[in-house]
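Good morning. Let me put the model up, and we will talk about its aromatic rings.

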Amino acid sequence: MAVRQGRQWRSVCKGLVLGTLLTSCMILLYCLSTPQTHFSLPEVPVPYSCAHRPSQLRSKQTTNRSQQASGQTCTPKVDIMFMKTHKTASSTFLNILFRFGEKHRLKFAFPDSRNDFFYPSVFQRSQVKDYRPGMCFNIICNHLRFNAPEVAKLLPMDTSYITILRDPAELFESSFHYFGKLVPFTWKIPGDEKLTEFLREPHHYFDPEGFNSFYLKNLLFFDFGLDNTLKLDDPRVEQGIRFITARFQLIMLVEHFEESLILLKDALCWEMDDVLFFKLNARKGSTVSKLTPELRAKALEWNAIDWKLYQHLNQTFWKKVDAYGRQRMAEDVAELRRRNAEMASICIEGGRAVEAGSIQETAMQPWQPIGEKSIMGYNLKKNVDKAHRKLCRKMLMPELQYLTELGVNLWITKLWGHVRDIINW
């Protein structure tokens, strides 16, 4: 009897402690996440290009066959705006950008104190660490809510704008799983199958003014700085799609990630070595809700703006593939897969990702959602040869750890991480 009472008291105390900590930290993080006061900054133009062209960044023979005949060369492009959308394999691509930037000693525009630019507030260049008007940056790639005029005042005119999209039904499932506990209106959804229940009657639960509600409706459109609650027939939806299409030179697709990287390599005049990757931030299969045809249809209906955007840009993507050449694309994708498999055999213990509890090194532990450990990671082989050791570690390194190595102070993110660890206790 005494043992049972002791357990009950321990459970009550634990609940009180966790509740107090969670409430306090949510309030703190909410305050820190709200838009900051922005002062009027002088309009100092940035150079047309701030590429310093280091010695190892040499021009190369172009892979464009029509240009090859005339012996033309191209110079790798280094001024890049990557619009990092949510739950779209963007962490994997970020690792590619980090390695490319380090290799060529490029200047990143990083946030200060956290791993995003005070998302979900719209981006302001004053949020960039140590920013001064007229400074020249090569790459910006952390999460932000797109604000085209402010981005344009930060980056050179020859910057390549790139982003990535994902099938909206799959994105919604992933976002609901990852962010659901941070969206208060989901707390009142009954039962264990919360996603199914929500899609059965979303308007009953959804609060457009609710805290973090944007995570669960047209998240792509929201990330681009647009209104995610518009009606599908609102003319601003079509205007937004035209704006995104015109602003971004390359829009990659998660479902065709390797083909996307080949198009990127071609557009930026990079090497195959520059786009090698391991899949980062992947969820273990048992946590993924399989969408039935009915649920998928409901998810697409609920995220109708994102679905319209995706369908339009999917057509644009395949036009680029056709221009590149289907056979040539198949050959290059096969080569990329072969090279990635070769690197996996060199770098990864067991050759595959493992669950969080099986990751031996703390520095290789990826960020986890609240209340569970569903994000997988890797163990670095212990006997990696000296020639590959540094590259293997970089390719396997989770986003937050890599940002820390690049000099970003993540004290707010780390504070939230400690709270998350207590909640997961």
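Phe 185 and Phe 198 are both buried. Buried means under 20% relative accessible area; exposed is over 50%, and partly exposed is in between (1.4 Å probe, protein chains only). Keep in mind that this is a predicted model: local features need pLDDT of at least 70, side-chain atom pairs count only at pLDDT 80 or more, and totals for chains, interfaces and linings use all residues. Residues are numbered from 1 along each chain as its sequence is written, and side-chain values use heavy atoms, with hydrogens and water left out.

Now, pairs. A pair of aromatic rings is described by the distance of the centres and the angle of the planes. Rings of Phe, Tyr and Trp (its six-membered ring) pair if their centres lie within 6.5 Å; planes under 30 degrees apart count as stacked, over 60 as edge-to-face, the rest as tilted. That rule gives 31 aromatic pairs.

Take Phe 179 and Tyr 215. They are stacked, 3.9 Å centre to centre, with 10° between the planes. Phe 179 sits in helix H5 (residues 168–179) and Tyr 215 in the loop between helix H7 (202–205) and helix H8 (219–223), so the pair ties together parts 36 residues apart in sequence. Helices are DSSP runs (H or I, at least four residues), numbered from the N terminus. Both Phe 179 and Tyr 215 are buried.

Back to Phe 185 and Phe 198. Their ring centres are 6.1 Å apart and their planes at 20°, so this pair is stacked. Phe 185 is in the loop between H5 and helix H6 (194–200), and Phe 198 is in helix H6.

How values were computed:
Helices (H or I, at least four residues) and strands (E, at least two) are DSSP runs, numbered from the N terminus.
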